[in-house]
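Keep the viewer open as you read.

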Amino acid sequence: MKNRAILDTGCSQTCAGKVWHEDFINSLSVEDRAEVKVQDSKARFTFGSGKVYKSLFLVTAPVYIAGVRRHIAYDVLDTDIPLLLSLVVIKKLGLETKYGEDKDHFYVDGKEIEVKHCQGHHWFPIIKNHDKYWDEEEH
């Protein structure tokens with residue numbers, strides 16, 4: 001699910017797979033792409049299988065959350081995963097979550113954002129035109 005992030009409170013650092021990263025960068029406007037920064041990283045990530053993945057590099061890129069442009073940093077790994085937002089980044093973004101019996105509600109800066117529950121995770125768009133995004137792809 002390109003251009004979407006998973007809220008992953010169990011992830012120690014924000015990361016994404018190489019394919020997701022390439023698709024995301026290619027989807028950015030020329031102006032946003034000009035602000036992407038890449039630097040070396042020595043971070044290592046271990047997932048449920050116990051396999052350790054070494055970061056290929058660290059990226060800082062603009063994202064749009066609830067229509068507000070922000071910058072996040074994420075490590076790129078040689079595996080097929082979407083962007084996993086760590087609890088640290090979720091807190092820095094000021095994301096508030098209210099769980100209900102019928103629906104979960106997510107807020108950034110007091111504005112409710114639409115989040116989809118799919119594949120056992122909460123996904124949300126990180127692109128400029130997020131209001132139309134859910135209708136364009138399956139989830």
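A disulfide here is a pair of cysteine sulfur atoms within 2.5 Å. By that rule the count comes to 0 disulfides. Cys 11 is in none, and the nearest cysteine sulfur to its own, that of Cys 15, is 4.0 Å away. Cys 15 has its closest cysteine sulfur in Cys 11, and at 4.0 Å that is too far for a bond.

Before going on, a word on the ground rules. This is a predicted model, in which local features need pLDDT of at least 70 and side-chain atom pairs count only at pLDDT 80 or more, while totals for chains, interfaces and linings use all residues. Residues are numbered from 1 along each chain as its sequence is written, and side-chain values use heavy atoms, with hydrogens and water left out.

Are those two cysteines buried or exposed? Buried means under 20% relative accessible area, exposed means over 50%, and partly exposed is in between (1.4 Å probe, protein chains only). Cys 11 is buried at 9%, and Cys 15 is buried at 0%.

Now for the inside. A nonpolar core is a set of buried Ala, Val, Leu, Ile, Met, Phe, Trp, Tyr and Cys residues joined through side-chain atoms within 4.5 Å. In general, nonpolar side chains in soluble globular proteins tend to be buried together. The largest core here has 28 residues, and those touching the most other members are Phe 24, Tyr 74, Leu 83, Leu 85, Ile 113, Phe 124 and Ile 126. Elements giving two or more residues to this core include strand 1 (4–7), helix 1 (18–27), strand 6 (57–65) and strand 7 (68–77); helices (H or I, at least four residues) and strands (E, at least two) are DSSP runs, numbered from the N terminus. Strand 6 gives the largest share, 4 residues. Apart from this core lies another, of 11 residues, with Cys 11, Phe 45, Leu 77 and Ile 81 among them.

Two strands pair if DSSP finds at least two bridges between them. Strand 1 pairs with strand 13 in the antiparallel sense over 3 bridges, with Arg 4 opposite Pro 125. Strand 1 also pairs with strand 8, this time in the parallel sense over 3 bridges, and there Ala 5 stands opposite Leu 83. Setting aside residues up to four places away in sequence, Leu 83 touches Ala 5, Cys 15 and Trp 20, among others.

Strand 13 (121–125) also holds His 121, which is partly exposed at 34% relative accessibility. Leaving aside neighbours within four places in sequence, His 121 is in contact with Ile 6 and Lys 116.

Finally, 3 strands form an open antiparallel sheet in the order 9-10-11. Strand 9 (95–98) and strand 11 (111–113) are the edges, each pairing on one side only. Strand 9 and strand 10 pair over 4 bridges, with Leu 95 partnered by Val 108 in strand 10.

Technical notes
Contact means heavy atoms within 4.5 Å.
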